[in-house]
Structures are given as structure tokens and as C-alpha cells.
Amino acid sequence: MKKVALVFVLAVIIPSLVLAWLAVRSLRDQQFALERQQSLLYQGVADALARDANNLLANVQHEFGQQVETELADHKVRIVANSFDDRLRTNWPLAEVGFVVTTEGKILCPSPVSSNLEARTFRTANIKFLCNAESAEVYWNAGKNTGNTFSKLNGGQSQTYPGQAGQVTDGSQTALGQGGQSSFNSPDTKNNFKSQAMRNVVPQQQILPQSKDNNDSQLYSKVAASEAEFRQLIGDSSEGTMARFLENKLNVLVWYRSPSDPQMIFGAQLSLPRLKEDLKKLVTQLDPALRADIVAALLDDTGKPVARSLETFQTNWKRPFIATEVGESLPHWEIAVYLLNPAKLTQSAQALKLTLGLLIGVLLLAIAVGSWLIVTDLSRQLTLARQKTDFVSNVSHELKTPLTSIRMFSELLAEGRVADPTKQHSYLNIITAETARLTRLINNVLDFSRMERGEKKYNMQKCDLVGLVHEIIETYRPHLESNGFKFIYDSPGSPIHVSGDCDALAQVIVNLLSNAEKYSNDKKEIEVQLERQSEPLPYAEVRVLDRGMGVPSGSEEKIFEQFYRAHDSLSSGIQGSGLGLTLARQIAQAHGGDVRYQARKDSGSCFVLRLPTPEISP
Ligand code: ADP
């Protein structure tokens, strides 16, 4: 039986645990999918902003070309070339310095004696690079090309620059306006490859568990510098943009070659503050629908914000949710997206996790409680079944013993083998007592089954307890005294009336007396007390006391349960059905009273029948 219960419990617990594990796993997968979806969405936003920034720079480059053409249309090339710096700064606010170099490597502007300090500083810092006297580390991006041998290359194809002694091999290049840097390969010139730098900004999404390769690639910038001379870099393109860091300061240069004089290269170093102003407008124009959830920011090469969609927003700028590099025109500048409420992403998942956890907890608790109930019920049923089996064998035995003695003594008398009248009298007494015992037992069994079926009826009437107890005692006294018992009873005299079924109440008292006789050892002394009490309500108490073995501690209440026997017939040799006290209590309770056990100071038991004694009209 216990095995069956164990199998049942395991059959419930194991599938439940597997189901709970599957639910937790699917929840985790869903959370990953949600985060991935969100990161893709915001990646799109960052990429679009990076594309806009590149478009803006492409426009700047285009504007510069137009500016040069306007100057050339009005004046002769030489005049324009000599005063290009002044003219450009006057007419085009985005320029910080204007410069002109020839393809042979001669710098025409700015002049070493220029009145503009920035122009002189620019000339000193860039002259060697612009005049092809030294290579420099440059981030570059060629735009529209005029030459017929220059083409956009992919995947490390080679490119020959006309008019050059050596061959320069170029990797693929990313055209301006192409958007976020995801495909730039460093130029593979024999003298100019530079390894990638660590990114200033590490997007949060890259910290999430991903493949190792992917993670590594995100830690490094995809924008790499190439080391080359100016002439090498521009090749035969007609215009372009390049950026270089001088003393850790970013310089963005645009250049243009007019078809009217391709030997002359006009260029400008852009004013970074002006450029930032223009770039700011892009970020601040973020889609209003997204403003409730994210803040977009343009970060410079040091990871500091140049512009942000929400001015008051502050955070650790180096830990955006998503970031995209703008490209070679603004190397190591990034468009970064920050979540306004980072917890929001995990909040619903957390709530779901909590609910699931609680449900699993409740489920396990329900299983545990259910299992406990099943096991206790099973063991209760097992005990009851065992008690019933014991009951059947006990009752059979109890029936057999008096029947044997009745048969034996009646046969002796019938056959006239006992001549002595005293003996005859004694045998008849035994037959009467055994018959009474049988009657009592059968009454108990019948009453119990009636009570179980709810069919027990009581004939309630005015009943004098004093008279009832006296009658029972007088019937019982000869039997007890002949068995060596000292029997004590003091009658209170005046009647004590209760409302009840006299036969049922007599059955209770007889059961208590019979137990006192059965469970007395050598100390054969039985006392019956009957008294009236008035506190708290008027009631009568019949006490049956003995000096026997008493009820073992722990069984004081159990002895009132059906079939329960504190003194097992095997060990004690005392026969019984385990129903006497059950019936006594049920009858007493049906009369508004109770039967209780009290241990006596020295050995012995005291059973108390308490019955209410309301004022009964005569
Ligand atoms: P039984 O037929 O076994 O006597 P009862 O319901 O009358 O059944 O009693 C239940 C149990 O209570 C008995 O088996 C016995 O262990 C205990 N008991 C009852 N009366 C006494 C008593 N006077 N002294 C000691 N134990 C008693």
C-alpha cells in the first residue's frame, strides 16, 4: 500500500517538476527573444542616425566643391589659389582653414606669413603630409572619382594610382553616406596597415551572452586608420573627406579637384564646433514616438556626448544599450542609444518569473500537502482495517467464552450430576452472569452498528439516577463480591432526576463497571460515587473507580475511539471489543453530557459520567 502511495506521489511530482523546468526555460527564451527584438529595433534607429550624419558630411563635401567652383568662375585659378584661405573663411563658415596644394606636392595656400594663426598652425602641422614628404595616419573616405582607372573596390582588390612610382594596394572602402560602419576593411598598403583600436564605448547588448567571436569584434572599433601620403590617398578622385588626429584633436579635411585644373587640389579643415552644431540637429530630431523609451546621443572620440535627444539625460555614457560608429569621416564617433528605463525591459519578465515561481511553489506545496493527506488517510485506513480484523476475532472470542461456560454448567445441571444445592446455586449464578455478559456484548455491537447507520433512537423520559445506579449495583454486587471484589457505594438518598433514556444510561454505567472489573489486577476494589453539582450549571456525576492498571499515558483520549484497545488482548489476556467506551461517550453526548477518564493518584482509573440535570417538572 505504501509502495502504491510512493509511486503515485512520484508520478505526480516528477512530471510537475519537469513541466516547471520547461516553463522556466521557455520564459527565459522569450525574454532573450524580446531583448533581441528590442536591440534590433534600436540598432535600426542608431544606424539611421549614423547614416544621416554621413549624409550631412557628404553634403558638406559637396558644398565645398561648389564653393571652389564659384570662386574659380569669378577669378583666375592662381589668384584664387593664393588667397583661398581668406576667401573660403569669409564665404563658407564651416571652414576653419582653406588650403591649396598641387599634385606635384607644392603648397600654395595658406602662406607661411598668413595673418591667421590657425592657418599658420595648420600649415606647420600638415605641410609634410600634404606635400607628400611623409605619410600620416589618416582615416579617409574617397567620394566621387573622375579618373577612369579608379573604381570602388571590394574584398582587397588592388588599385594602381596613375603618375606614381610605386603600387599602392587598397582594401575596400566605404563611400560617404553609406551609414554605420559595419564593413570597413583597413587598406592593405605595404606601408600603412594599422591595427584596430579598442572601442571607447561598449554597448550593453554586447555584454549579453553571445558567441565569443561576436563579442570580441564588438570590443574593437571597425574604423581603422591607414598610413599613407596625401597624394597616395587621393589618387585620381575628384573629391573626398579624410580625418586625422593631431595631438589627440580630430581634424576633418575635405578636398576638391576642379575638372578645369586637376593638378590643383583645394581643401579645407572643417570647423569642428560648427560641424557639431549641424550634427546636433540630427540627434535632437529623434522620432517623438521613440522619445518615451530611449535617448539618442552622438558621442565624440573620447566617449563624451556632443549632442543628445534629451538635454537633461545623464548616464554612464560609455555603456549605451546600442551603439553604431559613424564612420571614417568622424573616426570613433558613435551614435549611441540609451534606454530611459532599463529596468522596464526586464520588469515584465521578472513579474512573469515571480508569478511562475509562486505557481510552482504553490503546486509543490499542494502536492506535498496532498501527499501528506493521502499518506495519513492511508495509514488511518490501514489502522482501522487492522482494528476491524481484531474486533471480529475479539468478539468471536468473547462470544465463545461465555457460551462455553453456559453450555458446560447447564449440561452438568441438566444431567443431574450436581447434587449439592449450594453448588447448583453457584452454577446457576455463573450461567446468569455469563448470559448477562453475552447480552451486554451483543447489545454493544448492535447499538454501535445502529449508531454508525444513524438509526439509534433514545426514549427520553424523566429518569432517577439514584434509583438507576442502585438497581445496577444490586444486580452486580453478588457477582463482584463472589469474585473477591470489595464494592463501595454510598447512595446520596434523595433522587437525582435527568432527562434521558434509562436503558441507554444503564448501558453506560454497566460498561464502566464491567471495565473496572476487567482491568483490575490483584487489587480488587471498585467504588461508585454519585453526586449532584451546581457549578457552573446543575449536573450529576457518576464516578466508577478502580485500583487496577489504569490507562497508559498517551491513550487517555484514544480509548474512546472505535475498536481502540490500550490493553491488547494478546499481551494482557483481557478480552474486549474496543466498543464499550465509544458507545458510553456517544450515549452520554446524546444526553448533553460526556464520559471522561481521570487517572487516580495511586494506581487505578476513574471514569466520570457527567449528565446535565435541568429542572424537570414532576
Ligand atoms: P474493551 O472492550 O477493550 O474494554 P472499551 O471501549 O470498553 O473496550 O475500552 C477501551 C480500552 O480502554 C480498553 O481496551 C482498555 O485498554 C481501556 N480501559 C477501559 N476501562 C479501563 C479501566 N477501568 N482501567 C484501565 N483501562 C481501561
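## Ligand site

A backbone N or O atom of glycine 580 is placed 3.1 Å from an oxygen atom of the ligand, and a backbone N or O atom of glycine 578 likewise lies 3.1 Å from an oxygen atom of the ligand. In the side chain of serine 605, an N or O atom is 3.0 Å from a nitrogen atom of the ligand. On its own the ligand has 530 Å² of accessible area, of which the protein covers 99%; accessible areas come from the Shrake-Rupley method with a 1.4 Å probe, and for residues only the protein chains shown count as cover. The elements that contribute two or more residues to the shell around the ligand are helix 12 (502-518), helix 14 (580-590) and strand 18 (605-612). Helices (H or I, at least four residues) and strands (E, at least two) are DSSP runs, numbered from the N terminus.

The ligand is surrounded by 20 residues, the closest being Tyr519, Arg565, His567, Ser577 and Leu581; a residue is near a molecule if one of its heavy atoms lies within 4 Å of it. Helix 12 supplies the largest share of this shell, three residues. Sorted by class, the shell holds nine nonpolar, eight polar and three charged residues. Here Ala, Val, Leu, Ile, Met, Phe, Trp, Tyr, Cys and Pro count as nonpolar, Asp, Glu, Lys and Arg as charged, and the others, Gly among them, as polar.

## Basis of the model

This is a predicted model, in which local features need pLDDT of at least 70 and side-chain atom pairs count only at pLDDT 80 or more, while totals for chains, interfaces and linings use all residues. Residues are numbered from 1 along each chain as its sequence is written, and side-chain values use heavy atoms, with hydrogens and water left out.

## Nonpolar cores

The largest nonpolar core comprises 55 residues, and Phe64 and Leu275 have the most contacts inside it. Helix 1 (residues 2-74) gives the most to this core, namely twelve residues. A nonpolar core is a set of buried Ala, Val, Leu, Ile, Met, Phe, Trp, Tyr and Cys residues joined through side-chain atoms within 4.5 Å. Buried means under 20% relative accessible area, exposed over 50%, and partly exposed in between (1.4 Å probe, protein chains only).

Not counting residues up to four places away in sequence, phenylalanine 64 touches Phe84, Leu88, Trp92, Val254, Trp255, Tyr256, Phe266, Gly267 and Ala268, where contact means heavy atoms within 4.5 Å. A second, separate core of 50 residues includes Phe485, Ile496, Leu512 and Val595.

## Backbone features in loops

The peptide bond from cysteine 109 to proline 110 is cis, with omega near 0°. Proline 110 belongs to the loop between strand 2 (107-109) and helix 4 (117-130).

Asparagine 132, although not a glycine, has a positive phi of about 60°. This asparagine 132 sits in the loop between helix 4 and strand 3 (136-142) and is buried, at 18% relative accessible area. Asparagine 248 also is not a glycine and has a positive phi, of about 65°. Its loop joins strand 5 (239-246) and strand 6 (249-257), and asparagine 248 counts as exposed at 73% relative accessibility.

## A buried glutamate

Glutamate 541 is part of strand 16 (residues 539-546) and is buried, with a relative accessible area of 6%. Its side chain makes a polar contact with the side chain of arginine 543 (2.8 Å). A polar contact is a pair of N or O atoms within 3.5 Å; within protein, one must be able to donate a hydrogen and the other to accept it, and residues adjacent in sequence count only if both atoms are side-chain atoms. Neighbours within four places in sequence aside, glutamate 541 is in contact with Gln529, Leu530, Glu531, Val608, Leu609 and Arg610.
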